[in-house]
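Please consult the sequence and the model alongside the text.

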Amino acid sequence: MLLSAFSDISVTAWAMAATAAFLMGVSKAGLKGMSIFNVTLMALAFGSRASTGLFIPLLIVGDVFAVVYYNRHTQWKYIIKFIPWMILGILAGVFIGKDLPEREFKWGMVVVIFISLGMLIWWDRRKSKKVPTHWLFSGSMGVLAGICTMIGNLAGAFTNIFFLAMRLPKNEFVGTAAWLFFITNLFKLPFHVFVWKTISADSLLINLRLLPAIGGGLILGVFLVKKINEKNYKRFILIVTAIGAVAILFK
């Protein structure tokens, strides 16, 4: 679907996009792990490639809220350790995804989703509680997260693995992830505008219409995070990732 055909967007597409924006707001408020489901809904509404550009302004709006609300919990040492690798992955993703046809782009997203799900399940079932310290772990997770966030805004699973591996408590997890994604989404913005050309005046008009949905999600998310304990919070991340992985099959 061409974003320039603004008047041709169906009610169904608007409903899926609004739901994606709402769930994105919930996620940015602290309920991590919902990105796969958000990406699936937005891709169903507007197409795989176009949806990547539609997401960026909405993500940045959510990021601003998250960094303000959770800033006091941020652990900068983990961001400094992780972000150089993630930026390297984003640069690789710019070139990998630039000329991919829509069909290959879509299947690339599918592969990323199932790899992400497998990684999360594998990590959750590991018996060892030791925190990884080798640069190879942060490096591999960071590069994969960067490639996935550029190609399909799907870095969540790999960043979740890294922060879970660091044994971050719930609020520190959310606060640290908030700044990480705020920085990387700003870094991605010019590539979507000037290289992939997935952000335009038309896409920004769609973003404006979706702002109330993301706002509602942010409010609900703050309320829900306060109600979920540490153990159930990690379980929630895995369950929602699994739901998103199944949902992509119907795309």
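This is a predicted model: local features need pLDDT of at least 70, side-chain atom pairs count only at pLDDT 80 or more; totals for chains, interfaces and linings use all residues.

Residues are numbered from 1 along each chain as its sequence is written, and side-chain values use heavy atoms, with hydrogens and water left out.

The protein chain has ten helices and zero strands; helices (H or I, at least four residues) and strands (E, at least two) are DSSP runs, numbered from the N terminus. Of its 251 residues, 55% count as buried, that is, under 20% relative accessible area with a 1.4 Å probe, protein chains only. Among contacts (heavy atoms within 4.5 Å) with a separation of 6 or more, 87% join residues 24 or more positions apart.

| Item | Value |
|---|---|
| Helix α3 | residues 48-70 |
| Helix α8 | residues 170-195 |
| Angle between α3 and α8 | about 145 degrees |
| Distance between the axes of α3 and α8 | 8 Å |

Axes are lines fitted to C-alpha atoms, for helices over the stretch in contact, and angles run from 0 to 180 degrees between N-to-C directions.

Asn185 lies in helix α8 and is buried, with a relative accessible area of 2%. Beyond its neighbours within four places in sequence, Asn185 is in contact with Lys28, Ile56, Leu59, Ile60 and Asp63.

Methods. Buried means under 20% relative accessible area, exposed over 50%, partly exposed in between (1.4 Å probe, protein chains only).
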